[in-house]
Amino acid sequence: MAQVTVRINGYPHVVVCEDGQEDHLQAMASQVDDRITSIKALGQSGESRLLVLASLLMADELHDLHVEMAALREGVPAADKEARQRLRRLAERAEAIASDLETNQ
């Protein structure tokens, strides 16, 4: 097993992974850090809150990908109406996060 030190929000974290997976682990940590950076740009602070919001954003993206994959497996093309609805939901979530960030400053 390999040990990799990843940096998230400026803090180092030692993580164990399978040999050969070091670059993949670094890439995943970079994705988490990118989301935290974007959340911080909205004025949010607090380590645990940043991690929770970043986790929720990534979980939401993962959920959307699962829905899309299921539709593709069933041979159902993504309809324009569904895409518009999804974009509307994403915009609403982004606005809610921004509002929450403003409220908690």
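Reader: Which residues of α1 are buried?

Author: The buried residues of α1 are L25, A29, R35, I36 and I39, where buried means under 20% relative accessible area, exposed over 50% and partly exposed in between, with a 1.4 Å probe and protein chains only. They lie on the same side of α1, because they cover an arc of only 115° around the axis, the arc being that of the directions from the helix axis to the C-beta atoms. D23 and A41, on the other side of α1, are exposed.

Reader: What kind of model is this?

Author: This is a predicted model, in which local features need pLDDT of at least 70 and side-chain atom pairs count only at pLDDT 80 or more, while totals for chains, interfaces and linings use all residues. Residues are numbered from 1 along each chain as its sequence is written, and side-chain values use heavy atoms, with hydrogens and water left out.

Reader: Which pattern does the chain follow along the sequence?

Author: The pattern is β-β-α-α-α, which comes to three helices and two strands. Helices (H or I, at least four residues) and strands (E, at least two) are DSSP runs, numbered from the N terminus. Of the 105 residues of the chain, 17% count as buried.

Reader: Back to α1: what span should it have, and how far apart are its end C-alpha atoms?

Author: Helix α1 (residues 22-41) has 20 residues and should span 28 Å at 1.5 Å a residue, which agrees with end C-alpha atoms 28 Å apart. The expected span is 1.5 Å times one less than the number of residues. After α1 comes G43, with a positive phi near 100°.

Reader: How do β1 and β2 pair?

Author: They pair in the antiparallel sense over seven bridges; two strands pair if DSSP finds at least two bridges between them. Q3 stands opposite V16 in β2. In β1, A2, V4, V6 and I8 form the covered face, and Q3, T5 and R7 the uncovered one. In a regular strand the side chains alternate between the two faces of the sheet.

Reader: Where is N9, and is N9 buried or exposed?

Author: N9 is in the loop between β1 (2-8) and β2 (11-17), and is buried, with a relative accessible area of 15%. The hairpin has two residues between the strands. N9 has a positive phi of about 55° although it is not a glycine.

Reader: How many salt bridges are there in the whole structure?

Author: A search finds three. A salt bridge is a side-chain nitrogen of Lys or Arg within 4 Å of a carboxyl oxygen of Asp or Glu. One joins the side chains of R35 and E61 (2.6 Å, N to O). R35 lies in helix α1 and E61 in helix α2, so this pair ties together parts that are 26 residues apart in sequence. R35 counts as buried at 18% relative accessibility, whereas E61 is partly exposed at 37%.

Reader: Which residue forms a salt bridge with D60?

Author: R93 does, the closest N and O atoms being 2.0 Å apart. This pair links R93 in helix α3 (residues 80-103) with D60 in helix α2, 33 residues apart. R86 and E68 also meet in a salt bridge (2.5 Å, N to O).
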